[in-house]
4 protein chains.
Amino acid sequence: MTADSGQQLWRLRESVARLHAELTRYRLVAWTAGNVSARVPGRDLMVIKPSGVDYDDLSAATMVVCDLDGNVVEGDLSPSSDTAAHAYVYRAMPEVGGVVHTHSPYATAWAARGEPIACHLTAQADEFGGEIPIGPFALIGGDDIGKGIVETLSGHRSPAVLMRNHGVFTIGRDARAAVKAAVLCEDVARTAHLARTLGDPAPIAPADVDALYDRYQNVYGQRPASTAGP
Amino acid sequence: MTADSGQQLWRLRESVARLHAELTRYRLVAWTAGNVSARVPGRDLMVIKPSGVDYDDLSAATMVVCDLDGNVVEGDLSPSSDTAAHAYVYRAMPEVGGVVHTHSPYATAWAARGEPIACHLTAQADEFGGEIPIGPFALIGGDDIGKGIVETLSGHRSPAVLMRNHGVFTIGRDARAAVKAAVLCEDVARTAHLARTLGDPAPIAPADVDALYDRYQNVYGQRPASTAGP
Amino acid sequence: MTADSGQQLWRLRESVARLHAELTRYRLVAWTAGNVSARVPGRDLMVIKPSGVDYDDLSAATMVVCDLDGNVVEGDLSPSSDTAAHAYVYRAMPEVGGVVHTHSPYATAWAARGEPIACHLTAQADEFGGEIPIGPFALIGGDDIGKGIVETLSGHRSPAVLMRNHGVFTIGRDARAAVKAAVLCEDVARTAHLARTLGDPAPIAPADVDALYDRYQNVYGQRPASTAGP
Amino acid sequence: MTADSGQQLWRLRESVARLHAELTRYRLVAWTAGNVSARVPGRDLMVIKPSGVDYDDLSAATMVVCDLDGNVVEGDLSPSSDTAAHAYVYRAMPEVGGVVHTHSPYATAWAARGEPIACHLTAQADEFGGEIPIGPFALIGGDDIGKGIVETLSGHRSPAVLMRNHGVFTIGRDARAAVKAAVLCEDVARTAHLARTLGDPAPIAPADVDALYDRYQNVYGQRPASTAGP
């Protein structure tokens, strides 16, 4: 490892540690039950939260570096118990640079009923391109969760999957994009829940969903040069 | 531009940046999905949030100044993707000095059902003068959203409109008044939602709504001299 | 006024200003729509929030001192638009030393339906001694709200009344006790709402309500010497 | 008492005081209505919150040390009005090192209906090993609450009991584990409530609940050496 790639990895550890603060800020997680990871660009490695450690105690130093089979490469602590699922996604989906897992309450309520979130909101069309799908029930401890995520999201516009009776996994081109998807998934799940409680929300025409999705993915935000590094 | 008007514009940029903190404080927005703008008094300009920038990173320096067709006049960043809607409102409604847009969850749930919020609360009569109306479904990218806002709110007492399947737009004599309307719109939408969940709230007689609205608009708060400049 | 009573009044102004922070901490209020007042012990005066001023800007200096007809005695700002209601309560109920008004969302939802909160929780029996009652619909601007509060709470155990289509008023031996009642009123209203959403909560036997109320009023907390001055 | 055991006791007082901040962070408590206690290892003593004292004012110095009959041994303040229940649990369940009591709103709503929380979430299987049970209605002031907790939780996997019409008690090997159970109990109660509001959540097969519980209790988190003292 060169000094440069060592420094780059340290900055990624800092960034992953810091992104967990968005999970607590938006109340997506309770106690230690949620985690963010990032692929190390150009290497078969990932940075992930340590298992069972308080969000307040996360820092670059406490993050864990694993290979894409989930083996620890750097770090003194055991990695998240969801490491196998994150690793499976990175192996199967080379375009994914970040993965987030939460049990955020409104989204997980849809997951508990096994009911996808139909698209009744322009914000959902923007970010998810249509419905947010349900993934299979899968036990922790092997590749079943990872497989369920990949099979559900492959070829799907949505960066979020509601794993049955479990919670949310989101993917993104980097960890920040996956965190954004987790925040917006809960936001959309909450509004959809509230709308449905008092009646039937009106659907958005599929062509309008397409138009919104296309515009948001290609026009929203700042041009890359001003907001993101290479 | 004189030094005075430059200083005044800078203070307005500071004020608009700071007002976004009310959107996060009251949890009206998730990630970067909500924005405040202000008309520059006496000039055909507006100050608005940059697109896709974190609320924590807003400051006078990052705000964008546009003309009332939405073209950038000052600022290094792209303006909010909702700039066209804000600009349309300023062109069509000369009495409006501030516009706010959010997807606040309870209000947006009413928007998703396309159901106006009937007036069952004195606080709603005070601020909104009756029901909070529904605006049309409109796609982003042209003048449709702006037109929908203006057509719904022109001649209506309510400073808030629930745009179908989308979210809330509010107007005010200045940006602070529009932010206040956005905060109270969500507050009223939440209480109305909770009331309806368990039964039928009692209506307020139209004459009482009128009396409450009239008093609140004319008597509430401090006399102008002690709280606001000209 | 002696120097001593002047100092005591200033400390009361500080205390009333500070107690508003509990209203925001527990999210009982939005924008400026809620207020706390305290009777000045031994004098026909009250300290109350100024009208339409942000909670962040409250301090001893911005508080307003009124006589018990609501006329300003000290202070540069106009008093709360609810001053007449507070004043009426102090005139009619000499044992009351503090009054609080909020539109806290769950409690106000019960008020919008005109439905008292039946006692299904030991915490409600403790603090309210049974159901939390509904007061009449009353317009602001005269003595109607004050009368409604006093008629509903006189001879009732509950220190909270849900004013129809409006919100909550609470009373206490001092301002802190009234704030406590406002906090617990919303807490109880929320849990009762949630319980009712999915079924019928079990009632508590009246004799058990009596036993809980009696114990809590007489045994809970620290002995006066250790927690409160004279 | 040796200097060492005195120092150890002071650190435990600090730790119990600090753990109350988790109750407010997760909004499990309103005003002063919730408390944490810890058994003093190797001695027939417990450390518990003083009665009716604000969470902001808790420190090692304000904590109360009681024997396991609830008599004050150290401390200037009266102990929590729930001390008898905590003490009963420590006497009856020697493996318990921490007890927490809250009226957290979603869990207490299930308690008000007397309805156990069936297991529809992997997070519930992990921490609670199945349903979260209902305990009896019991009045404060004797051993009835303590007995109800012990009879419900003895031989049950769940570290949480929903006491009818009252609230939540949780137990753990230490105070931190009991606080974790209280946080996760409310989290699970909320998601289960939301899921049920719009339909029937899918059950998890008993064998899967067993597998999840076994794994979480034995594999999750860091190895003892790195996260906890003896």
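Predicted model: local features only at pLDDT ≥ 70, side-chain atom pairs only at ≥ 80, totals over all residues.
Residues are numbered from 1 along each chain as its sequence is written, and chains are lettered from A in the order in which they are written. Local features need pLDDT of at least 70, and side-chain atom pairs count only at pLDDT 80 or more, whereas totals for chains, interfaces and linings use all residues; side-chain values use heavy atoms, with hydrogens and water left out.

Colleague: What area is buried between chain D and chain A?

Modeller: Buried area is the accessible area (1.4 Å probe) that two parts lose on being put together, summed over both. Carbon and sulfur atoms give 59% of it here. In chain D, the residues that lose the most area to chain A are D:L198, D:Y220 and D:Q222, together 22% of what that side buries. The area between the two chains is about 3,000 Å².

Colleague: Which residue of chain A forms a salt bridge with D:R176?

Modeller: A salt bridge requires a side-chain nitrogen of Lys or Arg within 4 Å of a carboxyl oxygen of Asp or Glu. Two are found across this interface. For D:R176, the closest N and O atoms are 2.9 Å apart, and the partner is A:D54.

Colleague: Is C:E74 buried, partly exposed or exposed?

Modeller: Buried means under 20% relative accessible area and exposed over 50%, with partly exposed in between (1.4 Å probe, protein chains only). Because its relative accessibility is 27%, C:E74 counts as partly exposed.

Colleague: What is the C-alpha separation of C:E74 and C:A61?

Modeller: These residues lie 13 residues apart along the chain. Their C-alpha atoms are separated by 9.9 Å.
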